[in-house]
Amino acid sequence: RTVYLNGEYLSETEAKVSIFDRAFLMADGVYEVTSVLGGKLIDFGGHLKRLERSLNELDMKKPAAFDDLLEIHRKLVELNGIDEGLIYLQVTRGAPGDRDFAFPDPETTEPTLVLFTQNKPGLADNPTAKKGIKVISIDDIRWGRRDIKTVQLLYPSMGKMMAKKAGADDAWMVEDGFVTEGTSNNAYIVKDGKIITRNLSTDILHGITRAAVLKFAREAQMIVEERPFTVDEAKDADEAFFTSASAFVMPVVEIDGTAIGGGSVGQVATRLREIYLEESIKAGV
Ligand code: PLP
């Protein structure tokens, strides 16, 4: 696989980052994951906009212009022959040469920019989307700026492991009695025809897929309610699903062992998945 590191296209075994890189020592970095369908980048503009926002919130330097980042994405897709898959992009505050809590002077320390591809044939035509997945609920004990897409992913990783141990596929996190989001996705329920998902705030990541799916839902005259919901509401819902750049719209058919909507995939989730795939592939760059 060919990867990108600070201006160079290298083989993955050649690409090396300093042990003083602040992402390695302090999780001082942000990232984006963009999906590739039919060789095209999906929702690229949204991902780049959120990257800029994450960088701004953390006083981090932008590593390259929008057009250059688009070019790097496209070149990696081409070099690695990706038809369906993902592109991971990470920007860190760089490697100042020693460990220090204070941020290094941005004049002297350049950001580290890394991109790599993941080949995932069958990403769009995923059989799991026809079956749905099971989630468990866990406490949300993450930090308070979940709107910034940082590489601090230890608790979400632990959440996935807790889910696996419980025989489920993922975990939905709960704070003050309300679901915040999934370990790597935004959470939704459907009740009496209404799509309910937590409103945007610093409590959750502002999903790029979420924004697109809610826009398509409203355009299709579906009713959307942006507000927190409880696990009990999810158990009592007609449907549940999650969204993310790598899974698109994924039905959820069980929470904490209770079947949702009779345990089978719902119509709203199925329709939204179809609309999302169709429209976002059309708009792919
Ligand atoms: N919430 C969290 C915590 C995530 O990690 C992600 C994606 O990685 C999402 C939501 C979904 O965001 P997006 O649709 O931009 O992939």
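In the predicted model, the ligand is surrounded by 13 residues, of which Leu205, Gly207, Ile208, Thr209 and Ala245 are the closest. Two elements, α6 (208–219) and β13 (239–244), each contribute at least two residues to this shell, and the largest share, three residues, is provided by α6. Divided by class, the shell around the ligand consists of seven polar, four nonpolar and two charged residues.

The domain assignment of the protein places residues 2–119 in domain 1 and residues 128–282 in domain 2. The centres of domain 1 and domain 2, taken over C-alpha atoms, are separated by 26 Å, and contact between the two involves 22 residues of domain 1 and 14 residues of domain 2. On the side of domain 1 that touches domain 2, the elements giving two or more residues are β3, α2 and β5, with β3 supplying the largest share, eight residues. This side of domain 1 comprises nine nonpolar, eight polar and five charged residues.

Strands β3 and β5 also belong to an open sheet of six strands, which are arranged in the order β2-β1-β6-β5-β3-β4 with antiparallel pairing. Because β2 (8–11) and β4 (40–41) stand at the edges of this sheet and each has a single partner strand, one side of each is left without a neighbour in the sheet. Within the sheet, β3 (residues 29–37) pairs with β5 (residues 85–92) in the antiparallel sense over eight bridges, and in this pairing glycine 29 is positioned opposite threonine 92 of β5. Helix α2 (residues 44–57) lies across β3, β4 and β5, and its direction is at about 180 degrees to that of β3.

Backbone geometry was examined at two loop positions. Most residues other than glycine have a negative phi. Asparagine 6, although it is not a glycine, has a positive phi of about 40 degrees, and this residue is located in the loop that lies between β1 (2–5) and β2. Since 15 other C-beta atoms lie within 10 Å, asparagine 6 is classed as partly exposed. A positive phi is likewise found at aspartate 256, where the value is near 50 degrees; aspartate 256 occurs in the loop between β14 (248–255) and β15 (258–259). With 16 C-beta neighbours inside 10 Å, aspartate 256 is also counted as partly exposed, a class that falls between the limits of 20 or more for a buried residue and 12 or fewer for an exposed one.

Definitions and conventions:
Residues numbered from 1 in each chain as written. Predicted model: local features only at pLDDT ≥ 70, side-chain atom pairs only at ≥ 80, totals over all residues. Pairing = 2+ DSSP bridges. Helix = DSSP H or I, 4+ residues; strand = E, 2+ residues; numbered from the N terminus. Contact = placed C-beta atoms within 7 Å. Axes fitted to C-alpha atoms, helices over the stretch in contact; angles between N-to-C directions. Domains from an automatic or database assignment. Nonpolar A, V, L, I, M, F, W, Y, C, P; charged D, E, K, R; others polar. Near = placed C-beta within 6 Å.
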